[in-house]
Amino acid sequence: MFNHGNIQSKIDFMIKKANSKDVGCLQEDYNEIKILLYYNHCVDIFQFLKLYSKAQLNELLVKIAIIYDLLGNSQLSLETIDESLKIIPNVPSEILLKSILFVTMDKLDEAQKCLLKFKYLIGEDPYSTYIYNTIRILYYYLLEYEENIILREISLVEKKFPEYYNNDVVLHFLKSKICHKLSEKFKNTDKNRSCLYKRDSIKNKEIIFNSRRLDAEFLYKYDINKEKFTKIVSIFYPSFINYRPKILVEYNSNFKSGFRLFFTLFEITKIIKSKIL
């Protein structure tokens with residue numbers, strides 16, 4: 001963390017040093033260029049402090065937005081994210097969080113618009129592109145697209161991003177669930193097809209239960225739904241959204257500083273409640 005007092009002292013020292021020489025009566029080793037450098041260096045530091053303060057305020061607003069969501073107020077959460085984006089616009093993770101909040105509010109059209117903006121902002125970054133495609137597939141599921149379309153999209157992601165897909169509990173869960181549904185659908189009309197889907201369903205279920213049992217149990221208990229969408233995304237893609245609400249969603253957390261997190265949430269919640277009241 002920066003020590004603003006020390007930085008301010010440095011600024012004061014440089015301004016004082018520059019001011020101590022009369023520009024009209026310069027000594028040989030103390031010319032206009034040196035004075036100009038001192039002043040410009042002070043301006044650079046002031047600009048840095050301004051940006052640093054903006055970054056702090058932006059981060060604080062995002063945390064407040066998360067607390068609002070934990071309290072069940074998606075609208076206030078969304079409004080707070082909008083405030084944070086006015087301070088530092090076009091932050092990809094915040095645009096993504098905004099998209100996810102729209103899902104919890106059952107505004108999937110707005111959610112997809114934000115997701116497309118997120119795609120534009122991330123450029124060619126591989127993991128961010130994988131996240132974009134994964135969230136897009138989850139939107140298809142919530143919008144009740146045809147099962148074959150979702151399976152096709154999952155297969156494309158698997159081929160393009162095998163290193164990420166292999167450890168993705170959510171997509172394995174989704175594939176298992178859809179294959180099970182299709183297996184039941186064709187059970188009486190096309191047994192061979194039904195068996196193939198059943199085999200794929202069991203295979204994907206075994207993968208997630210063998211590698212991440214707690215995560216699998218969570219998904220099979222709650223499914224992928226609009227109400228818990230922010231929590232699902234933050235639990236399974238924590239490196240992208242610094243949300244971490246596991247201890248507040250009946251989930252067995254491995255978060256090491258859980259007590260510290262809970263205390264922070266408790267203190268911020270008290271502040272927010274006092275503002276609301």
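Trainee: How do the elements of the protein chain run from the N terminus on?
Mentor: They go α-α-α-α-α-α-α-α-α-α-α-α-α. That's 13 helices and 0 strands, taken as DSSP runs numbered from the N terminus (helices: H or I, at least four residues; strands: E, at least two). Keep in mind it's a predicted model, where local features need pLDDT of at least 70 and side-chain atom pairs count only at pLDDT 80 or more, while totals for chains, interfaces and linings use all residues. Residues are numbered from 1 along each chain as its sequence is written, and side-chain values use heavy atoms, with hydrogens and water left out.

Trainee: What's the average pLDDT of the protein chain?
Mentor: 79, with 77% of the residues at 70 or above. pLDDT is the predictor's confidence in each residue, from 0 to 100.

Trainee: Which helix has the lowest mean pLDDT, and which the highest?
Mentor: Helix H13 (residues 258–276) is lowest at 47, and helix H7 (residues 147–160) is highest at 96.

Trainee: Where does pLDDT stay under 50?
Mentor: One such stretch is residues 242–267, with 38 contacts beyond four places in sequence in the model; contact means heavy atoms within 4.5 Å.

Trainee: New topic: where is Tyr 39 found?
Mentor: In helix H2, residues 32–70. The C-alpha atoms of Tyr 39 and Ile 15 are 6.5 Å apart, though 24 residues separate them along the chain.

Trainee: Why does Tyr 39 count as partly exposed?
Mentor: Because its relative accessibility is 33%, and partly exposed lies between buried (under 20% relative accessible area) and exposed (over 50%), using a 1.4 Å probe and protein chains only.
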